[in-house]
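The account then turns to backbone angles and to a contact between chain ends.

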Amino acid sequence: FFETALLAGRRAVLWEPHLDRMNRILSGLELPKPSRERLNAAARRVLDASPAARPDEQRALRLTWFAEGDDFDDEASFRLEAHLLPIPESRIARRKGSHSVSLPLDLQRDTPGVKSTSYFAAIQGGRLAKKAGGDEGLLRSPDGNYLEGTTTGLAAWNGGAPVLAAKGVLQSVTAAAFFGGPSASAPLTAEKLREGAILLGSLTMATPLLTLDGAPCARPPEMLARIAEFNRRLLHDPAFGTEL
């Protein structure tokens, strides 16, 4: 199980919601979970051991909770690690807009509601998207409606009332912050996405779909303005970050 947060200096963006999600997932699976204090301490140790960063310097902070022993009900069977990573250039480039690709219907996450290292569909989906000239692959349900990206949440602008897929997706921390509360859901069709859509992820932040399978997507000015304001708040609003 893992969580990846955006760091600006030592400010972890949406840190508490990331820890909440890990806790919620492990609790739902009735698996041992690390305490909030232990998670924070691991993050601070890796930051203390790294060269000091400028307040505006961006990195990724990843927490992983691995099962090593045979008794999955024993917390001693698990190992907690924290790592600092550079933000992939692909994520930086995607912040200017995404050229997304529809993935094959038979490529499905095995446990879409769990943020775990069972990640084959995401890795293969990203690979297929790159081979097709895109920067993100969009997973679909068997009926052809869209669910989410391989590393991002997906929302249709829907005329200014954004909506997510109803089920079969990971609850996105970034999307929840963008919505600012409970989100509405609706089938995400290709037509709806081409009228305006947003990808949301910890390292991508919020970005518009520029094209879907090579066809241009609308970029309503109101949608772009909301994306820009949200991204500004992610990096600068004290309510959206935690100093570690």
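Glu136 is buried, as its relative accessible area is 1%; buried means under 20% relative accessible area, exposed over 50%, and partly exposed in between, with a 1.4 Å probe and protein chains only. The model is predicted, so local features need pLDDT of at least 70 and side-chain atom pairs count only at pLDDT 80 or more, whereas totals for chains, interfaces and linings use all residues. Residues are numbered from 1 along each chain as its sequence is written, and side-chain values use heavy atoms, with hydrogens and water left out.

Glu136 forms a salt bridge with Arg94, and the closest N and O atoms are 3.9 Å apart. This pair links distant parts of the chain, since Glu136 is in strand E6 (residues 136-140) and Arg94 in helix H3 (residues 89-94), 42 residues apart. Arg94 also counts as buried, because its relative accessibility is 3%. A salt bridge here is a side-chain nitrogen of Lys or Arg within 4 Å of a carboxyl oxygen of Asp or Glu. Helices (H or I, at least four residues) and strands (E, at least two) are DSSP runs, numbered from the N terminus.

Helix H3 also holds Arg91. Arg91 is buried yet has no salt bridge, and the nearest side chain of opposite charge, that of Glu136, is 6.8 Å away. For such assignments Lys and Arg count as positive and Asp and Glu as negative, while His and the chain ends are not counted. Leaving aside residues up to four places away in sequence, Arg91 touches Thr151, Leu203 and Thr204, where contact means heavy atoms within 4.5 Å.

Across the whole structure, a search finds 14 salt bridges. One of them joins Glu3 to Arg21, with 2.8 Å between the closest N and O atoms. The two residues belong to distant parts of the chain, Glu3 to strand E1 (residues 2-8) and Arg21 to helix H1 (residues 15-28), 18 residues apart. Both Glu3 and Arg21 are buried.

Another salt bridge connects Glu148 with Arg109, whose closest N and O atoms are 2.9 Å apart. Glu148 lies in strand E7 (residues 146-149) and Arg109 in the loop between strand E5 (98-102) and helix H4 (120-131), so the pair ties together parts that are 39 residues apart in sequence. Glu148 is buried, with a relative accessible area of 5%. Salt bridges that share partners also join Glu16, Asp20 and Arg36 into one network.

Which residues in this model have a positive phi without being glycine? Met205, in strand E12 (residues 205-212), has a phi near 65°. Met205 is buried, because its relative accessible area is 5%. Asp213, in the loop between E12 and strand E13 (215-216), has a positive phi of about 55°. Asp213 counts as partly exposed, because its relative accessibility is 41%.

Met205 is also among the residues touched by Leu235, together with Leu6, Arg11 and Gln58, residues up to four places away in sequence not being counted. Leu235 is placed in helix H7 (residues 221-236). With a relative accessible area of 22%, Leu235 is partly exposed. The C-alpha atoms of Leu235 and Leu14 are separated by 10.0 Å, although these residues are 221 residues apart along the chain.
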